[in-house]
Amino acid sequence: MVAPATSANVDAYDDFRKLWQDRDLDLRILKEPGYAKLNGLLRIVPAPKETEYLQALMAHPFKIGTTVEVRQGQKFADLLKFIFKGSPMLRFAGALLTVFLATPVPQAMAQEGKPLPHSDERYKADILVVVAHPDDEAAVTPYLVRALDEHRRVAVVFATRGSSGSNEAGAEQAAALGDVREIEARNALATLGINTVWFLSGKDTATQDVLVSLANWDHGETLEQMVRLVRLTRPEVILTFLPGAFIGEDHGDHQASGVLATEAFDLAGNPAVFPEQVAGPMKRLEPFLADLRPWQAKKIYYFPDADREDIFRGKGPSYSVKEVSRLSNKPYWRMALDAFRAHQTQAKSYLDKIAQMDEAQIERMATSEDGWGEDQHFVLGKSLVGGSVSGDIFEEITPGAIPYARPEAVPEPARPELSAELGGPWSFYAEFRRAHGLGNLPHPEPPEIALEGPGTLVIPLWVRNQTAKAQEVTLSATLPAGWTTANGSGRFTVAARRTAAARVEVSLPALPDKTEKKTVAQEVTVRAEANGQVIGEAKLRVELRKRALPE
Ligand SMILES: [Zn+2]
């Protein structure tokens with residue numbers, strides 16, 4: 001009989017040791033799931049299996065390649081010797097001990113084992129999609145239909161309810177529009193058979209600046225929600241918008257959803273992050289502690305919504321959307337378009353037009369003009385299980401958990417004592433790529449942005465003075481004809497050992513040809529000089545448009 005050790009809430013290393021020394025044990029070390037070191041404590045948590053047993057976390061984590069069994073009679077000290085001296089296991093990090101208490105227990109303690117609850121299998125996902133607004137899912141539904149054909153389980157997270165913008169279907173605006181759009185998004189995905197859909201508390205924010213979106217979303221709160229949903233859905237793969245600033249649709253919220261998903265990818269496996277989510281219940285009807293387990297997803301892929309596509313080519317897999325689904329006998333793109341029909345508030349006029357067409361007309365228009373027939377391209381963010389860059393999304397993915405993997409941060413570049421560089425979202429993204437080990441993530445050089453003309457371009461700068469005395473810095477801008485510096489040029493003092501934020505504002509003219517929707521991007525340069533020398537240059541490619549989101 002396998003008996004639980006008093007279903008023991010044994011948290012402390014010493015308690016565990018005592019428990020172990022008192023008994024004959026049957027110990028197995030499994031390759032399986034991912035728990036990592038937790039502050040030197042030996043933490044024992046219930047895990048889902050047919051028989052009850054305890055999972056224990058070693059104070060000094062290690063990983064093994066095969067299952068090792070230590071039979072009855074092992075004492076704790078012997079066991080440690082075995083583990084730490086006996087094999088090459090120590091070369092690896094982050095593993096799991098599963099302790100079976102297989103000895104017949106003394107009569108007084110003998111009792112029938114009651115099963116502890118498992119994680120809910122209904123919410124286990126293979127793919128977790130993270131986007132910003134209702135209808136954003138259409139950026140990836142043609143691929144999702146293929147994945148559903150391959151029996152993948154798909155869950156979707158929307159960071160906002162999409163409560164801004166115009167309403168094509170009714171009078172509702174603001175929060176009420178968000179309520180309507182939540183249902184539209186749920187209906188769109190239900191058309192494809194995807195019912196595990198969540199909304200974070202982020203607020204639809206009309207901006208191109210990812211930092212403004214994150215600020216308006218209450219970044220910390222939405223991240224906590226995002227990490228919780230990764231732990232709940234335990235995805236193999238996360239698919240999300242590419243976190244970067246490009247000329248394109250380039251909504252700050254789209255970027256922010258990619259940032260949040262990347263952060264959650266790197267944090268959800270760490271038991272020290274939002275630990276209340278991975279704490280076991282302390283009460284019968286536990287109201288606060290979530291009893292989730294840490295989860296490390298295996299891969300993260302991005303889909304860009306930039307105009308230019310050249311810099312993303314070959315950075316990840318591509319999928320045709322013209323194959324016919326086994327589920328519906330329709331091409332993938334057609335199923336995605338069918339799902340999109342739920343988005344009346346955003347596209348009623350377009351959908352009404354389609355409703356008047358026959359099948360051949362729909363195919364002609366949708367595939368030639370509207371891009372529904374285009375291949376789906378992904379950019380590999382990172383894989384913790386190997387596989388090739390442009391190989392299938394599920395290449396090298398096998399069932400079961402993997403250990404938590406701390407991202408390999410790239411160190412900050414060395415800078416001269418006196419320097420100036422582009423700030424705002426651009427410097428954030430440089431930090432972001434370094435912090436999350438995304439050195440291969442494509443980004444435009446020089447950075448680029450599309451803005452409405454007439455209007456204002458703000459160029460944020462960091463001016464760093466690590467010298468021991470105050471420095472005079474002169475900022476000047478080189479601009480295309482007809483563009484003027486409105487503010488921020490001239491001479492400034494930066495105190496000793498200080499980093500100062502500066503801002504150069506450029507007035508943008510109207511589009512030269514009123515009938516055009518946009519112009520060719522032009523280059524803007526801001527130069528910072530001190531002591532007669534250039535200490536930094538910020539370059540931007542700027543495209544003027546008739547309409548664009550605020551910077
Ligand atoms: Zn959107």
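1. The axes of helix 4 (residues 174–191) and helix 8 cross at roughly 150° and come within 8 Å. Axes here are lines fitted to C-alpha atoms, for helices over the stretch in contact, and angles run from 0 to 180 degrees between N-to-C directions. Helices (H or I, at least four residues) and strands (E, at least two) are DSSP runs, numbered from the N terminus.

2. This is a predicted model, in which local features need pLDDT of at least 70 and side-chain atom pairs count only at pLDDT 80 or more, while totals for chains, interfaces and linings use all residues. Residues are numbered from 1 along each chain as its sequence is written.

3. Which residues of helix 4 meet helix 8? They are A188, L189 and T191, and their counterparts in helix 8 are D338, A339 and F340. Contact means that the C-beta atoms of two residues, placed from the backbone, lie within 7 Å. Helix 4 also lies across strand 7 and strand 8, running at about 155° to strand 8.

4. An open sheet of six strands, with mixed pairing, has the order 8-7-6-9-10-13. Strand 8 (196–202) and strand 13 (379–383) stand at its edges with a single partner strand each, so one side of each is left without a neighbour in the sheet. From one strand to the next, the twist averages 20°. Strands pair if DSSP finds at least two bridges between them; strand 6 and strand 9 (residues 237–241) have four, in the parallel sense. In this pairing, I127 stands opposite V237 in strand 9.

5. Is helix 3 largely enclosed or open? Helix 3 (residues 141–149) is largely enclosed by the rest of the structure, because seven of its nine residues are buried. A residue is buried if 20 or more other C-beta atoms lie within 10 Å of its own, exposed if 12 or fewer, and partly exposed in between, with C-beta atoms placed from the backbone. The buried residues are T141, P142, Y143, L144, V145, A147 and L148. They pack against several elements, including strand 6 (127–131), strand 7 (154–160) and helix 8 (332–340). After helix 3 comes H151, with a positive phi near 65°.

6. Strand 21 (residues 522–530) and strand 22 (residues 533–545) run antiparallel and are joined by nine bridges. V524 stands opposite L540 in strand 22.

7. Some totals place these details in the chain. The chain contains eleven helices and 22 strands, and 40% of its 551 residues count as buried. Of the contacts with a separation of 6 or more, 78% are between residues 24 or more positions apart.

8. Confidence should be kept in view. The mean pLDDT (the predictor's confidence in each residue, from 0 to 100) is 84 for the chain, and 80% of its residues reach 70 or more. Over residues 20–77 the pLDDT is below 50, although this stretch has 136 contacts in the model beyond near neighbours in sequence. Residues 79–106 also have pLDDT below 50, with 64 such contacts. Where pLDDT is low, the predicted coordinates should not be read in detail.
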